[in-house]
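Let's walk through this structure together, one part at a time. Please have the sequence and the 3D view open as you read.

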Amino acid sequence: MIELDKYYDVIIVGAGVAGLNCALNLPRERKILIICKDTPDKSDSYLAQGGICRLVDENDYQGYFDDTMRAGHYENNPATVDCMIRNSQALIDDLIACGVRFARNPDGSLAYTREGGHSRPRICFHEDCTGREITTHLMQKVRGCANIFIAPYVTMVDIIESNNQCYGIVAKDSKNGKLYRLYADYTVLASGGLGGVFENSTNFRILTGDALAICLNHNVAVDHINYIQIHPTTLYSKTKGRRFLISESVRGEGAVLLDKNFNRFCDELQPRDVVTHNILEQMKKDGTKHVWLDMRPIPREEVLKHFPTIVQRCLDEGYDVFRECVPVVPSQHYFMGGIRSDLCGRSTMKRLYAVGETCCNGVHGANRLASNSLLESLIFAKRAAQDIQKNYKRINFEYAERAEIALDLSKYDNVPALLKKYKGIVLKAIEEAEREQPHN
Ligand SMILES: Cc1cc2nc3c(=O)[nH]c(=O)nc-3n(C[C@H](O)[C@H](O)[C@H](O)COP(=O)(O)OP(=O)(O)OC[C@H]3O[C@@H](n4cnc5c(N)ncnc54)[C@H](O)[C@@H]3O)c2cc1C
């Protein structure tokens with residue numbers, strides 16, 4: 001357990017890929033605090049299976065751009081899509097320099113896999129645990145930086161704000177029960193998605209969109225809060241809890257979807273929302289709670305090499321993917337909406353940034369293209385760090401102290417009740433947004 005100071009240069013809320021990469025791209029003389037709700041490995045970044053996109057070469061630019069826009073129903077911001085694609089090669093180079101291992105061809109070049117919505121293979125991967133590979137290496141590097149402090153089990157319960165300027169956060173340490181007012185020149189929200197507010201989700205249950213509720217309370221702009229992505233294929237289970245994802249790259253490599261009579265009923269390589277729709281329609285028609293996924297069309301050696309985690313998890317649940325089909329059902333998976341942020345991660349509040357899944361910079365439009373989110377999180381987190389550094393100005397702590405006076409700490413007495421209230425705020429905002437502009 002680390003004792004927290006009162007002042008930091010930069011506070012980052014979240015220890016997924018976005019938070020870690022933001023910290024690593026700030027200069028070593030900056031005093032940085034990263035907080036997370038649980039242990040650092042309890043982030044969705046750690047769970048990512050399929051991989052991370054990379055522009056293969058110049059000839060791939062138009063195809064990659066078009067695939068991203070088509071998947072997003074052309075509601076994407078073309079400028080952020082362009083920025084992500086143009087920076088993808090350098091980003092993958094950064095990761096390799098950090099020690100991340102991606103699958104390679106026999107000649108040593110990067111091997112690419114394919115997922116739904118992609119017109120060609122362009123996804124770098126490490127077995128079926130790309131997120132763990134990336135996050136572990138970033139974390140190792142962060143742990144080697146004397147200027148970055150990581151505080152697990154510390155939950156942001158509010159921001160400290162005055163006149164639309166952020167001065168830091170209020171946070172609670174769930175281990176020692178202490179409530180902290182933590183001041184910073186800049187605050188970065190990298191707090192992930194909101195799957196925890198839904199009953200069926202692939203996300204960690206702790207990810208309940210707290211930052212969104214806090215931003216809504218402080219009039220920080222939030223966009224498309226009802227743009228929720230459902231993943232077509234999660235392992236069907238009768239028990240409650242986080243749903244296990246069966247990566248889209250399984251279908252990219254040849255797995256097929258079957259109805260109750262074991263007949264194919266859709267094109268498995270359509271974008272996620274289309275496949276999800278097809279599955280839900282089929283379940284309705286068949287009166288079933290799931291459809292079947294057949295991985296047997298994929299060569300056995302390929303399955304063992306590329307999807308060891310999926311094979312093992314299915315075995316744990318009683319399914320041998322080499323001998324039988326596995327039951328799959330759509331579940332909440334990803335959040336395309338979020339805290340409005342620009343190409344440098346700036347929110348509408350001064351000194352407050354939002355990066356990663358918690359933000360909405362328009363890259364994904366109405367529906368995220370597979371394997372674009374790790375990339376987007378990493379690139380825009382790096383850009384946020386660069387922007388902070390470029391425009392660095394110390395805070396005037398006189399104002400901060402005034403903001404402190406204005407802070408009524410009694411409202412944080414019961415943090416579980418407050419977080420429950422935040423969940424309610426998020427769900428209500430989703431409902432309202434859905435009424436105003438339905439997400440289809
Ligand atoms: C099962 C699964 C598979 C996926 N596969 C892929 C894939 O193959 N390719 C791809 O590109 N994307 C994939 N994704 C999506 C991708 O993993 C995420 O979008 C991305 O990792 C988000 O990173 P992040 O840093 O924004 O958030 P996260 O990695 O989710 O980190 C959020 C952090 O915020 C902290 N936090 C939240 N609220 C608070 C609070 N109030 N106070 C303090 N800390 C807080 C959490 O503790 C956590 O540390 C997958 C997601 C899942 C769930």
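We begin with a pair of helices, then turn to the ligand and end at a tyrosine.

This is a predicted model, in which local features need pLDDT of at least 70, side-chain atom pairs count only at pLDDT 80 or more, and totals for chains, interfaces and linings use all residues. Residues are numbered from 1 along each chain as its sequence is written.

Start with helix H1 (residues 17-24) and helix H5 (residues 130-143), whose axes come within 10 Å and cross at roughly 35°. Helices (H or I, at least four residues) and strands (E, at least two) are DSSP runs, numbered from the N terminus. Axes are lines fitted to C-alpha atoms, for helices over the stretch in contact, with angles running from 0 to 180 degrees between N-to-C directions. On the H1 side, Val17, Leu20, Asn21, Ala23 and Leu24 meet Ile134, Thr135, Leu138, Met139, Lys141 and Val142 of H5; contact is counted if C-beta atoms, placed from the backbone, lie within 7 Å.

H1 and H5 also turn up at the ligand: along with helix H2 (44-47), strand E6 (154-162) and helix H11 (373-390), each supplies at least two residues of the shell. In total 43 residues surround the ligand, the closest being Gly14, Gly16, Gly50, Gly192 and Gly356; a residue is near if its C-beta atom, placed from the backbone, lies within 6 Å.

Finally, find tyrosine 167 in strand E7 (residues 165-173). Why does tyrosine 167 count as buried? Because 27 other C-beta atoms lie within 10 Å of tyrosine 167, and buried takes 20 or more (exposed is 12 or fewer, partly exposed in between), with C-beta atoms placed from the backbone. The C-alpha atoms of tyrosine 167 and lysine 42 are separated by 27 Å.

Notes: Contact = placed C-beta atoms within 7 Å.
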